[in-house]
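Hi,

Here is the structure I promised to pass on.

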Amino acid sequence: MTVAGYARVSSAEQDARAQEAELRAAGADRVFVDHGKSAARGDRPQWAVCLDWLRPGDTLVIRALDRVAGNQALAVETITDLARRQVRLKSLAEPSCDIDPSTPTGEAIVGIMTVLAGLRVANIRESTRRGLTHAREQGRVGGRPSVMTQERTAAAVAMRAAGHSFDHIAQALGVGRSSVSRALAKVAQSTSATTA
């Protein structure tokens, strides 16, 4: 079982040596450093290398939670992911963030965080659903407007009746093939509904 450290500085001008020294003093055998990187997951190549290097039973030491997560949701995701990997997380600035998933307490903390993350997602979904329902009641429909105006749709219907392919129609109208396909499907659906 080894101890890894992870340090991150937000701009190329910042120096990560102080963080590295703290992490080594805390027992890190190897320190991974991202220079000039944001807290976004896809923007941290050394974080990905660190995760690949860690094994079950290892410990990850960080200066503070904001070094691995830029917001609360990402923090919960990160802690949960490390627990799934059976990696202990230790924050030097936040002693309460010493989570060992192999202990009952650590397991309980991760469980609580997972439930809270699920609750947050459910609340966002419910809020979005209520907002969309309210907008529909007010006569507003969400999403961006279609590129297929009435004129383009009429032209697409005429070209399709003349035997042209979706690709040809899309190119002629300057829109995507899927836009043409959806518009013609709506016309066909409304036509079959009125003739039924």
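Glu 22 is partly exposed, at a relative accessible area of 32% (under 20% is buried, over 50% exposed and in between partly exposed, with a 1.4 Å probe and protein chains only). Its salt-bridge partner is Arg 63, with the closest N and O atoms 2.4 Å apart; a salt bridge here is a side-chain nitrogen of Lys or Arg within 4 Å of a carboxyl oxygen of Asp or Glu. Glu 22 sits in helix α1 (residues 17–25) and Arg 63 in the loop between β3 and α3 (72–84), so the pair ties together parts that are 41 residues apart in sequence. Arg 63 is also partly exposed, at 28%.

Before the rest, two words on the basis. This is a predicted model, in which local features need pLDDT of at least 70 and side-chain atom pairs count only at pLDDT 80 or more, while totals for chains, interfaces and linings use all residues. Numbering runs from 1 along each chain as its sequence is written, and side-chain values use heavy atoms, leaving out hydrogens and water.

The mean pLDDT (the predictor's confidence in each residue, from 0 to 100) is 84 for the chain, and 92% of the residues score at least 70. Confidence is highest in strand β3 (residues 59–62), with a mean of 94, and lowest in helix α4 (residues 104–137), with 78. Helices (H or I, at least four residues) and strands (E, at least two) are DSSP runs, numbered from the N terminus.

The salt bridges number 8. One of them links Arg 84 to Asp 81 at 2.5 Å between the closest N and O atoms; the two are 3 residues apart in helix α3, about one helical turn. Arg 84 is exposed, at 59%. In helix α4, Arg 130 and Glu 126 are 4 residues apart, again about one helical turn, and their side chains form a salt bridge at 3.4 Å, N to O. Shared partners join Asp 81, Arg 84 and Arg 85 into one network of salt bridges.

Best wishes
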